Amino acid sequence: MGMNAIEKILARRSGRDVVKPGDVVVVKVDTAVSFDAGRMNIKKIHDPDMLVMLHDHVVPAPTLNAANGAKSMREFVAKFGIKNYFPVGRHGISHVLVAEEGLALPGNILVNGDSHTCSSGALNCLARGMGPSEMIHVMCKGKTWFIAGPTTKIVLEGDLPEGVYPRDVIHYIAGQYGDFAGRNLEWYGSGLDKIGMDGRLTMATISAELSVEFSLFPYDKVLADYLDGRAKRPFEPSLPDDDAEYEQVITINLSELEPQVVLPNKVAWNAKPISEVAGKRVDQAFMGSCANGRLSDFKIAADIVRGKKVADGTRFIVTPGSQEVMRQAVKAGYVETLLEAGAVVTNSTCGACYGGHMGLLADGEVCITASTRNFKGRMGSSKAEIYMGSPATVAASAIAGVITDPRKV
Amino acid sequence: MSNKKVTGRVWKFGSDINTDLVIPNFAIYLPRNEQPQHCFVANRPGWVDEVQPGDILIAGTNFGVGSGRPIGDVFVDLGVAAVVAESFNGLGLRNCINAGLASLPCRGILDAFDEGDIAEIDWGTGEVRNLTKGTSITGQALPQELQSIVEDGGVEVMLRKEGYLA
């Protein structure tokens, strides 16, 4: 019996011949990403070159606490000679940055103290988030453990209709199949051929909301082209054996999908076709985060708001996922288009996605967002409601002032 | 092994209990000793004043979904002796194990208990007894390697013992 692509990476990095569901494996980690400088009481580290350090959640520092945290990270970087450090000015959200910088690579194992680390699965990189103490463990020892889970194969077929985006695909899966706690997703199918890296990164990122262990995309031409001239090291992609084992196969015909909106407070089993929620008044629309803060997202939003105005009584906040996205979005004119429509385009940061240091929701407000999470209190008040949609749904809703089907604008 | 057995009063929670309910966003950057008092303030205000050291938390599916916030630390600080859930989010489970918190996935746990019942959890074998009702149910004990982390008091305790931390 063969192994799937995830099991093959686990086997390779744990020194085993075979890995099957239920196995606990201790693996060597290729890359550890840290944005947290709060608990840097480490005396010795395993390998400075496996570390990537950056500032993303609260940047530039809005509080003295954050400023002191950033300072302690700079001291850590200097003390241990961390080469892959991204200071303010070259900053970005960790998951956006490691893709852009060619640091998340096929067949590698990458960990990060943030839950949306599965984002790098779009790069055929086995990646997952960890808590702060476990990140320290990896920094010290260069290894970690995983429980190999059963894997679902997602097969995408056909083409996405106009107005429907990769974000809607992952919402559809959440709504139809719920959570995948303790399980993995591997993505294949001819439908992937026309989904670029930005869209794949969106789906891989939101896999965290489906509680997956790992979400892994194939190494194909789209990914190979993306990594050409970008990858910082040689790599060995992971493809499944012909007789690989999957717990189930879910086939989705993309051409049949419509925009999907996630209702407030949780993601699993909580997405609906947009027709069921259209018309709901929104106080704030937000697009950004590691899910939808990339150049393609800016293009989608700019194309929708061009020549129009954000509705009275609605705020539209747009946050690029990195300085590089900001630079390209300015160059392409997307930022100007958004500003002319009355949107606020902010500095690159996690920011409003987690109610960090800007763009918070007041009591009783309603938000439509293309960011990562809709939990109660996530973006400010626990009395606010957070709906999630694609960048197109968010932009269309910002213009209309109510949740709006982007196919109808 | 008796050292993997805990007995305590049960608090029941539903499915999809997420990290942001355990550590609300406004509490993320507070000192660790100030975080636990905000646990479940959005979904069950006042709970932190009622929970007692040795109590056991029981929850539905997908427990701990969400961010990397160290939810296990909060429960340990509140004195929670064990968490038993129908299923765990992987990151939530890691954060419980790494905090040295006894954790047990157990299908059927929600139906087996009413709030306030007394539970006896053997997280080494997975056996769960409802001492109030006189019933029992078996969960899926964590692999031995992971039980060891809990036994040792969590990952930071281990690293400190091994001289990695100041």
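**Notebook: helix packing, domains and chain contact**

I started with α9(A) and α12(A), which lie roughly parallel to each other (under 35 degrees; over 145 is roughly antiparallel, 65 to 115 roughly perpendicular, the rest oblique). Helices are DSSP runs of H or I of at least four residues, strands are E runs of at least two, and both are numbered from the N terminus. The model is predicted: local features need pLDDT of at least 70, side-chain atom pairs count only at pLDDT 80 or more, and totals for chains, interfaces and linings use all residues. Residues are numbered from 1 along each chain as its sequence is written, while chains are lettered from A and ligands numbered from 1 in the order in which they are written.

**α9 with α12**

I looked up the geometry next. α9(A) covers residues 295-305 and α12(A) covers residues 391-400. Their axes are 9 Å apart, at an angle of about 30° (lines fitted to C-alpha atoms, for helices over the stretch in contact; angles run from 0 to 180 degrees between N-to-C directions). I noted a right-handed crossing (near helix turned clockwise from the far one by less than a right angle; anticlockwise is left-handed).

Which residues of α9(A) and α12(A) meet? D297(A), I300(A), A301(A), I304(A) and V305(A) of α9(A) face P391(A), A392(A), A395(A), A396(A) and I399(A) of α12(A). Contact means C-beta atoms, placed from the backbone, within 7 Å. By class I find 9 nonpolar, no polar and 1 charged residues there (nonpolar: Ala, Val, Leu, Ile, Met, Phe, Trp, Tyr, Cys, Pro; charged: Asp, Glu, Lys, Arg; polar: the others, Gly among them).

I then checked how covered α12(A) is. It is largely enclosed by the rest of the structure, because 10 of its 10 residues are buried (20 or more other C-beta atoms, placed from the backbone, within 10 Å of its own; exposed is 12 or fewer, partly exposed in between). T393(A) and S397(A) are among the buried residues. G401(A) follows α12(A), with a positive phi near 80°.

**α9 with α11**

I turned to the other partner I had listed for α9(A). α11(A), residues 334-341, has an axis that comes within 9 Å of that of α9(A), and the two cross at roughly 40°. That makes α9(A) oblique to α11(A). Here the crossing is left-handed. F298(A), K299(A), A301(A), A302(A) and V305(A) of α9(A) meet Y334(A), T337(A), L338(A) and A341(A) of α11(A). I count 7 nonpolar, 1 polar and 1 charged residues by class.

**Domains of chain A**

Domain 1 is 5-230 + 240-254 and domain 2 is 260-408, with bounds from an automatic or database domain assignment. Their centres, over C-alpha atoms, are 23 Å apart. Contact joins 37 residues of domain 1 to 36 residues of domain 2. On the domain 1 side, α3 (94-100), α5 (166-177) and α6 (197-206) each supply at least two residues. That side has 12 nonpolar, 16 polar and 9 charged residues.

**Chain A with chain B**

How many residues does each chain bring to the contact? It takes 35 residues from chain B and 35 residues from chain A. In chain B, α1 (19-22), α4 (90-97), α6 (144-151) and α7 (155-161) each supply at least two. α4(B) gives the most to that side, with 4 residues. I noted 15 nonpolar, 15 polar and 5 charged residues on the side of chain B that touches chain A.

Methods: Two residues are in contact if their C-beta atoms, placed from the backbone, lie within 7 Å.
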